[in-house]
Amino acid sequence: MMTDPVADMLTRMRNALKAGHDRVEFPASKMKAGICKVLKDEGYIQSFKIIAKTKSDIRLKVVFKEDAIKGLRRYSRPGLRQYRGYDEIPRVLSGLGTAIVSTSRGIVSDRFAKQNKVGGEILCTVW
């Protein structure tokens with residue numbers, strides 16, 4: 001049993017980037033798909049899709065853009081959840097990076113959350 005599936009996803013992505021792979025696969029969930037959607041909308045990854053290998057195992061396949069992601073970091077974790085209002089969402093690298101936030105409107109980027117004045121749990125940061 002895995003205690004933090006989002007951290008596992010980020011670690012797999014980080015390892016694939018360091019190894020020079022252009023794609024990575026990991027077990028899928030709605031939250032992971034939402035994070036990948038934000039990464040695609042912000043231009044960090046080229047594409048992602050849900051592929052089914054067996055009936056019980058649904059996998060997510062991510063194709064990276066070349067040199068788009070320099071770093072990934074888990075912000076909130078199961079032992080210490082980080083909730084912030086829209087005006088307290090951290091700026092990543094003075095606005096050059098992106099924070100991914102789980103809000104009442106779904107999983108969105110920090111820019112969207114600030115524009116729509118919604119706060120939530122800060123899942124991770126990407127730069």
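This report describes the fold of one chain in a predicted model, from overall dimensions to single residues.

## Basis of the model

The structure is a predicted model in which local features need pLDDT of at least 70 and side-chain atom pairs count only at pLDDT 80 or more, while totals for chains, interfaces and linings use all residues. Residues are numbered from 1 along each chain as its sequence is written, and side-chain values use heavy atoms, with hydrogens and water left out.

## Overall fold

The chain has three helices and eight strands. Here helices (H or I, at least four residues) and strands (E, at least two) are DSSP runs, numbered from the N terminus. Read from the N terminus, the elements follow the order α-β-α-β-β-β-β-β-β-α-β. The radius of gyration is 14 Å, close to the 14 Å that the globule rule gives for 127 residues, so the chain is as compact as a globular protein of that length. This radius is taken over C-alpha atoms, and the globule rule is 2.2 Å times the number of residues to the power 0.38.

Along the principal axes, the C-alpha atoms fill a box of roughly 40 × 30 × 25 Å. Of the 127 residues, 39% count as buried. Buried means under 20% relative accessible area, exposed means over 50%, and partly exposed lies in between (1.4 Å probe, protein chains only). Among contacts with a separation of 6 or more, 60% come from residues 24 or more positions apart; a contact means heavy atoms within 4.5 Å.

## Helix α1

Helix α1 covers residues 5-19, which is 15 residues, and spans 21 Å from its first C-alpha to its last, close to the 21 Å expected at 1.5 Å a residue. The expected span is 1.5 Å times one less than the number of residues. Just after the helix, G20 has a positive phi of about 85°.

The buried residues of α1 are V6, D8, M9, L10, M13 and A16.

Three strands form an open antiparallel sheet in the order β1-β3-β2. Two strands pair if DSSP finds at least two bridges between them. Strands β1 and β2 stand at the edges with a single partner strand each, so one side of each is left without a neighbour in the sheet. Neighbouring strands are turned by 20° against each other on average, direction ignored.

Five bridges join β1 to β3 in the antiparallel sense, and R23 has V63 in β3 as its bridge partner. Helix α1 packs on this sheet, touching β1, β2 and β3, with its direction at about 160° to that of β1. Helix α2 also packs on the sheet and touches β1, β2 and β3; its direction makes about 155° with that of β2. Axes are lines fitted to C-alpha atoms, for helices over the stretch in contact, and angles run from 0 to 180 degrees between N-to-C directions.

Q46 lies in strand β2 and is partly exposed, with a relative accessible area of 49%. Leaving aside neighbours within four places in sequence, Q46 is in contact with K40, V63, F64 and K65. Q46 and L72 are 26 residues apart in sequence and 16 Å apart in space, C-alpha to C-alpha.

## Strand β8 and its partners

Seven of the seven residues of β8 are buried, so this strand is largely enclosed by the rest of the structure. Strand β4 pairs with β8 in the antiparallel sense over three bridges, and R73 stands opposite T125 in β8.

Strand β5 (residues 83-84) is joined to β8 by two bridges and runs antiparallel to it; here R84 has G120 as its bridge partner. Strand β6 (residues 98-103) pairs with β8 over five antiparallel bridges, where A99 stands opposite T125.

## R74 in strand β4

R74 lies in strand β4 and counts as buried at 16% relative accessibility. Its side chain makes a polar contact with the side chain of D4 at 3.0 Å. A polar atom of the R74 side chain also lies 2.9 Å from the backbone oxygen of S76. A polar contact is a pair of N or O atoms within 3.5 Å; within protein, one must be able to donate a hydrogen and the other to accept it, and residues adjacent in sequence count only if both atoms are side-chain atoms.

Not counting residues up to four places away in sequence, R74 touches D4, V6, A7, L10, R81, L123 and C124. Of these, V6 and L10 are among the buried residues of α1.
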